[in-house]
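Subject: Structure handover

Hello,

Here is the structure I promised to pass on. Please open it alongside this note. My findings follow below.

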Amino acid sequence: MKRLGNQLFFTGPTMIFFSIALLIPFVYGFYLTLMKMATPVSPMEYAGVENYLRAIRDNKFWDSMWLTIKYVGATIVLVNVTGFALAYLVTSGLRKQNFFRTAFFTPNLIGGLVLGYIWQFIFVRSLPTLGEKLGVELFRLGWLGDANLAFWALVIVTVWQSAGYMMIIFIAGLISIPRDVIEASTIDGANSWQRLTRMTIPLMVPAFVITVFLSLKNAFMVYDLNFALTGGGPYDSTKMVSMHVVQKAFIENNYGVGQAEAIILFVIVAVVTGVQVYYSKKMEVSG
Amino acid sequence: MRKTFVSVLVLLLAAVLVLTACGGTGNTTAESNTNNSTATNNNPSAVAEDEPVTIIIANGKGELTALYEQAAKDFMTENPNITVEVHTGAVGDSLSVLDRLTSSGVVVTLAMVEPNGVLEKYKDFGIDLSGERWVEETNDAIKNAEGTIVGFPFSIEGFGLVYNKQVVENAVGGSFDPFSINTRDKLIALFDQLQASGVQYPVAYQTEGWSVSNHYSSQFLNQAEDPNSIVNQLKAGTFDLASNEVWNGYYDTMDLLASEQYNKYGERPIGQYYDDAHVSVGKGESAILFNGNWAFDSLQAVAGDSFGFIPVPVDNNPDNPLNNKIVAGPTNIYIINKDATPAQQEAAKKYLNWLVYDEVGQDWLVNKAQVISAFKNNPHKVTNPLGAAIAVAIAQGKTMPFSTNYIVPGDWFSILGPEVQQYIDKRKSREDLAQAIQSYYTSN
Amino acid sequence: MADRRNAFIIITYSLLIAALFIFLFPFLLLIVNSFKDNGQILENPFSLPTSLSIGHFVDVIEKMNFLVTFKNSVLITVVSVVLISLFSAMAAYYMVRVATRFNKTFFAILVASMIIPFQSIMIPLIYIYGAQLKMIEMAPIPLLIALYVGFGSAFSVFIYHGFIKSIPLELEEASLIDGCTRKQTFFKVVMPMLMPTSVTIAILNVLWIWNDYLLPSLVLTKEHYYTMPIKMKVFNGTYMNNWELLIPAILMTVLPVLIAYLFGQRYIIRGVMQGAIK
């Protein structure tokens, strides 16, 4: 009895709020996909798997999904490479490294929405001025008007924002590598590049598991930045899956299909992150 | 073991209970709402006069945010028993305030919607307003499909080729009549004159999705006396765009506006040029852009110069009425929610009457908000040159229907906007575009 | 050897300084342009301001209804973060120390829930709390806080869980033997030990909640409830091409966090590190 009291006291609040925010809406979300419903206030009608069929046939949904996957791939590579490079540089034993560390982390303080506005100013107003004054052809025309460049603009801003965060995680990993391991390899005559690739990076696998997981999840769910920087333009070429789902549900008034697409997104994210964590844990064990 | 099994079961049961409870409340609210509304329709007069009442207004047009709040304040001073809560959408926010409020459970009393919304999306929203006094002061009251007046026209707006008077007059050497440009060749001649006068790019063509789709691409509907007849043919699949001269004509003109020769952004015609285009035309670096009277807010930010509208030419026949008129009509329609309480509905009607008859309201609408009133009794005239140009064109009979009112703007913006932009960017042929518009109508 | 060492230092420094420039120049651009008017901004975003007038800031404070918006953001962030830390610590502690099958299952569910994208909950969320329960109309701020506590709990419990596992049992056992109840033990003995972890968790949650846009934009429908990012969005819509107001507004949205960061950067960085190591 006392045990039940303690159980409720300690875990009760978390259970309640978790259920309110996540559990109930998530379970209910599955139920909603079986209903035909235009807006939240319109009457519901049982529709079976129709919403899923319509989601599967929605070409724009798959276009946005494919684009998101490309974005996920590009950002995972670039965010981690940049983050690791920064971490490596600031732990190489120079003075002022705390200052650099602090500076590189700063972009993380800015939320996606404001981030988008800041970089809009850079891509729309500042770079073209720079391009014209210095004669840099690549910058002369606004990037956000070109489907390819607008996509890379999103990637660049993402790297700019999250590389600093990953850097911190890598630093934590780097300083936990025992000195004698590195020293031993130095004595063996390994040069610094060999030390990096043969000793340091394999020892960093646990850190990579975290950073890859974080960048994977963030990239799949990107919305604020997408919304504020490109708004999906030019001509929907940068509309990623979250934005598509939001528009499907709230703007095209198609709650049922929107929710079905959101569930498909969940399944894809679950499978991808599951596979990632499973294989990298395996690497960790064997490496 | 057994104990944990039981506790998991209890948790699941609790979850299921909450879920079913949700479903249950859903049904009852829906029912009680309908009950309310029927009750409302039966006895609208049973309302006590001075009971305090709060009304919720959902406005469009985010440019006027501060002004709407001012209007609410002024109105409340004169009607102390009524509290007005104003919500305004942000410019470019494609999710309307009304939808957002409704989906979060708020019963909006007075909503501003697009004219088309009265007929389509919100066709079951509004109450009958045909008994209102203001009906006799306007030609633009909006009727529903059954012909009952349900919509209050808040404003008259129009669009066309906005030009900077100073720059154009300098180029043509003297006074300039915008209606003298009534063929495409004359427009080209004007562009050339502008270039000869030193304006390198006469046009700063801003190609936002809503502008190139909802506004520019709906103009062809005006080739019929009743634009709806063409919409109906499109729905029936009997209207062939690719072989339609007027439809093609508008895109021939668009090609000109977007061309590398004349357009400041010709090298990369799609991009975020809204502010730059208005700054360029405002400062006189370019002379012409395609937009509506609301563009003045942006033009004014950089220059107080005077501006006007040139009709968008569709062919080279100077007698074609399409070449001699600008597009103008009622926009921003107020409708009163049938689910609001009778007292709220009465208060909302008061607010509408305040806009039409009260001196402060009249002054607010035209002088402060610079809105062209749809009501004959309003003595004020807008000073904003683009608004004034529309008012003059209306007086001279040189306007044709606001073609955007005959399409579903939300759909056009999100579905056809990207298609038109791809056409402008030469990634889609004109046949592809024709196909896209036709299949939008036939597949729905 | 010394030459190589020197060359290495020079290369490293130049790389770091180049990176520093890239990471900080957007901030510099904002600061420089916040003092300029539209004409100067559009003419050349890189030019220095001719005067240091704060006129636009004053304008923005008034137009953004800054004080109210700021207060909303602070209220929502602080209450949510305090509740998340407290409840998550309690839950994590109990789950570690009383490892019943139920607690293990619940913990597994919490951890697994971290991969649920917000988008797949958002629609039912609006449906249940908006259309059905009318909470969005009647109590938007408490609702928003409750949702933040719920969304934040998984990650925070996870971090606390990892940390508590590493605390030796002896101290608690001593206090339990002294006749303290489990509750007393938790608050008097365990909570103080959790302090550094709590700071970490609080910081990560502050960054998330302060900057969040999508969830509050769906829940807060009335102007006087708006948080900074929503106000920023509305502001951007209203003053579309008016950079002379937008830039100061952006700066003022970012400034509170930047100032907090200047003072607390050591804790913040340490926090992120701890969060990663688990």
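There are zero salt bridges between chain A and chain C. Keep in mind that this is a predicted model.

What does the A–C interface have instead? Polar contacts link chain A and chain C at 14 residue pairs, both members at pLDDT 80 or more. The contact itself involves 87 residues of chain A and 95 residues of chain C. Together the two chains bury about 8300 Å². Carbon and sulfur atoms give 80% of that area. On the chain A side, F10(A), L109(A) and F121(A) supply 9% of the buried area, more than any other three residues. By element, helix 1 (residues 2-32) of chain A gives the most to the side touching chain C, with 20 residues.

Now the B–A interface. How many salt bridges are counted between chain B and chain A? The count is three. One salt bridge joins D276(B) to R125(A), with the closest N and O atoms 2.8 Å apart. Polar contacts between chain B and chain A come to eight residue pairs, again with both at pLDDT 80 or more. Four helices of chain B each supply at least two residues of the side that touches chain A: helix 1 (2-42), helix 3 (97-103), helix 10 (274-283) and helix 15 (409-424). In contact terms, 25 residues of chain B meet 28 residues of chain A. The buried area is about 2400 Å². Of this, 56% is on carbon and sulfur atoms.

Next, the cores. The largest nonpolar core has 192 residues. F104(A) and F105(A) touch the most other members. The element that gives the most to this core is helix 7 (residues 147-175) of chain A, with 19 residues. A second core is separate and has 61 residues, including L221(B), L234(B), W294(B) and V314(B).

F105(A) is worth a look on screen. Which residues does F105(A) contact, beyond its neighbours within four places in sequence? In chain A they are G164(A), Y165(A), M167(A) and I168(A). In chain C they are L207(C), Y261(C), I268(C), I269(C) and V272(C).

Chain B is divided into two domains. Domain 1 covers 53-154 + 331-383, and domain 2 covers 158-328 + 390-443. Their C-alpha centres lie 29 Å apart. Nine residues of domain 1 are in contact with 12 residues of domain 2. These two domains of chain B bury about 820 Å² between them, 64% of it on carbon and sulfur atoms. On the domain 1 side, N116(B), T331(B) and I372(B) lose the most area, together 47% of what that side buries. Salt bridges between the two domains number zero. Polar contact is counted for one residue pair, both at pLDDT 80 or more.

Is E244(C) buried or exposed? E244(C) counts as buried because its relative accessibility is 17%, and the cut-off for buried is under 20%. Leaving out residues up to four places away in sequence, E244(C) touches K36(C), D37(C), N38(C), I41(C) and H56(C).

Best wishes

How values were computed: Residues numbered from 1 in each chain as written. Chains lettered and ligands numbered in written order. Predicted model: local features only at pLDDT ≥ 70, side-chain atom pairs only at ≥ 80, totals over all residues. Heavy atoms only, no water. Core = buried A, V, L, I, M, F, W, Y, C linked by side-chain atoms within 4.5 Å. Buried < 20%, exposed > 50% of the residue type's maximum accessible area, 1.4 Å probe, protein only. Contact = heavy atoms within 4.5 Å. Domains from an automatic or database assignment. Buried area = accessible area lost by both parts, 1.4 Å probe. Salt bridge = Lys/Arg side-chain N within 4 Å of Asp/Glu carboxyl O. Polar contact = N/O pair within 3.5 Å; in protein donor to acceptor, adjacent residues only side chain to side chain.
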